[in-house]
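Me: I have a protein model open and would like to talk it through. Could you take my questions one at a time?

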Amino acid sequence: FDCIMSTETCTFPGQADVQMKLQRAYRCCRGVDTWQAFSDHGYTWTPDVETLTFAQGMLAAVSAGADKTPVGSDCDINAIAAPLRELHELLAPRARFKGGQTVEYAAILASQQTEDYYVPLSRHGRSWHGANELCRHSHLQSSIIFDDYIDRGELGPYPVVLLGNAACISDRQGQVLERYVADGGVLFACHEAGTCDEWGNRREKPVLDELLGIRSRGGVAPAMIAVAVEAGLREACGESVAFVNGATIAEPATDCRVLARAVPPGVFRAYPQENTWQAGMSTFTGVSVSEGPASEPAGRVVPLDEPAALWTRSVGRGHVCYLGAELFHAYLAGPTTRVARLFRYVLTSL
């Protein structure tokens, strides 16, 4: 797009931040404008208008080289003079820094392929929005990229790529991501990443499993507890972290460094030493592997010897990190301190 105008922000904290990152990813060449109504409760101005989200949004817009316009709704201009003055005082010393080049760190993949074709539909939009929130809360700089950034091999500026739960990955994209990691990049993926092709068709062998170090997949569960086995992770976020938005029970390859093992929710202290999913754990053994089209047969649940929740793997000069749980969408719905600390520890340690 040459120009995007009048994209409305809301009072969700950080909404302008993710919006500006999307518009930067569009590579607009004529600037961006966004606006937000001075209204807290519905469609009318209120005397207790909260200026914090306006301030956050204005700073996010300035950082992205955009303009943010506060709009009064059916009110006397004198009634909003105080919040306008507050925003002016915030903006004035920063206006000369508007735009400029972003210091790139983590690239969040907003995959349109996954948004369009992944089952269930529309989950992925919440996923990359949640990834942005998780990066903000972890104080990690982030940008947004699209599928075609991978197709064109434009990952070089980003030390980290957050693939998340991008299920729909083409063969070519898989090859580009392999080269990116081998050349020194860090790839973070979770749950069903790469389990479908770019059209949403289930793959017999997920395209990224070899790169991610997934030796075998045992099934899909509604929830998982990640129990830290690595000392640094345990110090960062505690003994265990719960994930409740879907999880893949997977077994890592022998060259992976396991940070946390996977156990069913509620029973992790009584988990059997043989560490298999066939020891009466009906929470997992009764679920289907397949969430694909109805024409596809449900996959069988495979018993695993060493199921793990979280691991890293060195590939060439780079690293991959795989988390069996769906992370980003779940974080948007229910952000927790332990999840943020886990995420930050893994990325910064790599």
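Reply: The answers below go from the overall make-up to single residues.

Me: Before that, what kind of model is this?

Reply: It is a predicted model, in which local features need pLDDT of at least 70 and side-chain atom pairs count only at pLDDT 80 or more, while totals for chains, interfaces and linings use all residues. Residues are numbered from 1 along each chain as its sequence is written, and side-chain values use heavy atoms, with hydrogens and water left out.

Me: How many helices and strands are there in the protein?

Reply: The protein has 12 helices and 14 strands. Both are DSSP runs numbered from the N terminus: helices are H or I with at least four residues, and strands are E with at least two.

Me: And what share of the residues is buried?

Reply: Of the 350 residues, 50% are buried. Buried means under 20% relative accessible area, exposed means over 50%, and partly exposed lies in between, with a 1.4 Å probe and protein chains only.

Me: What about contacts between residues apart in sequence?

Reply: Among contacts between residues at least 6 apart in sequence, 76% join residues at least 24 apart. A contact means heavy atoms within 4.5 Å.

Me: Which residues have the most contacts inside the largest nonpolar core?

Reply: They are L162, L163, L327 and F343, in a core of 76 residues. Helix α12 gives the largest share of this core, 7 residues. A nonpolar core is a set of buried Ala, Val, Leu, Ile, Met, Phe, Trp, Tyr and Cys residues joined through side-chain atoms within 4.5 Å. In soluble globular proteins, nonpolar side chains tend to be buried together.

Me: What is L327 in contact with?

Reply: Leaving aside neighbours within four places in sequence, L327 is in contact with L134, F188, C190, F243, V339 and F343.

Me: Switching to rings, how many aromatic pairs are found?

Reply: A search of the whole structure finds 7 aromatic pairs. One of them is F188 with F328, a tilted pair at 6.0 Å centre to centre and 35° between the planes. Rings of Phe, Tyr and Trp (its six-membered ring) pair if their centres lie within 6.5 Å; planes under 30 degrees apart count as stacked, over 60 as edge-to-face and the rest as tilted.

Me: Why does the pair of F188 and F328 tie together parts that are apart in sequence?

Reply: F188 lies in strand β7 and F328 in helix α11 (residues 328–333), so the pair ties together parts that are 140 residues apart in sequence. F188 is buried at 0% relative accessibility, and F328 is buried at 2%. F328 also forms an edge-to-face pair with F343, at 5.9 Å centre to centre and 90° between the planes. Because F343 lies in helix α12 (residues 337–349) and F328 in α11, this pair ties together parts that are 15 residues apart in sequence.

Me: Which residues do ring pairs link into a cluster?

Reply: Ring pairs link Y26, F146 and Y149. R152 lies over the face of Y149, at 5.9 Å from the ring centre. A charge sits over a ring if NZ of Lys or CZ of Arg is within 6 Å of the ring centre and within 35 degrees of the ring normal.

Me: New topic: why is strand β13 largely enclosed?

Reply: In β13 (residues 308–315), 7 of the 8 residues are buried, so the strand is largely enclosed by the rest of the structure. β13 runs antiparallel to strand β12 (residues 257–263), joined by 4 bridges, and antiparallel to strand β14 (residues 318–323), joined by 6 bridges. Two strands pair if DSSP finds at least two bridges between them.

Me: Which residues stand opposite each other there?

Reply: W311 stands opposite Y322 in β14. R257 has T312 in β13 as its bridge partner.

Me: Last one: which is buried and which is exposed, H139 or H191?

Reply: H139 is exposed, with a relative accessible area of 72%, whereas H191 is buried at 1%. H139 has a positive phi of about 60°, and phi of H191 is positive too, near 50°. Most residues other than glycine have a negative phi. H139 lies in the loop between α5 (123–137) and β5 (142–145), and H191 in the loop between β7 (186–190) and α8 (209–212).
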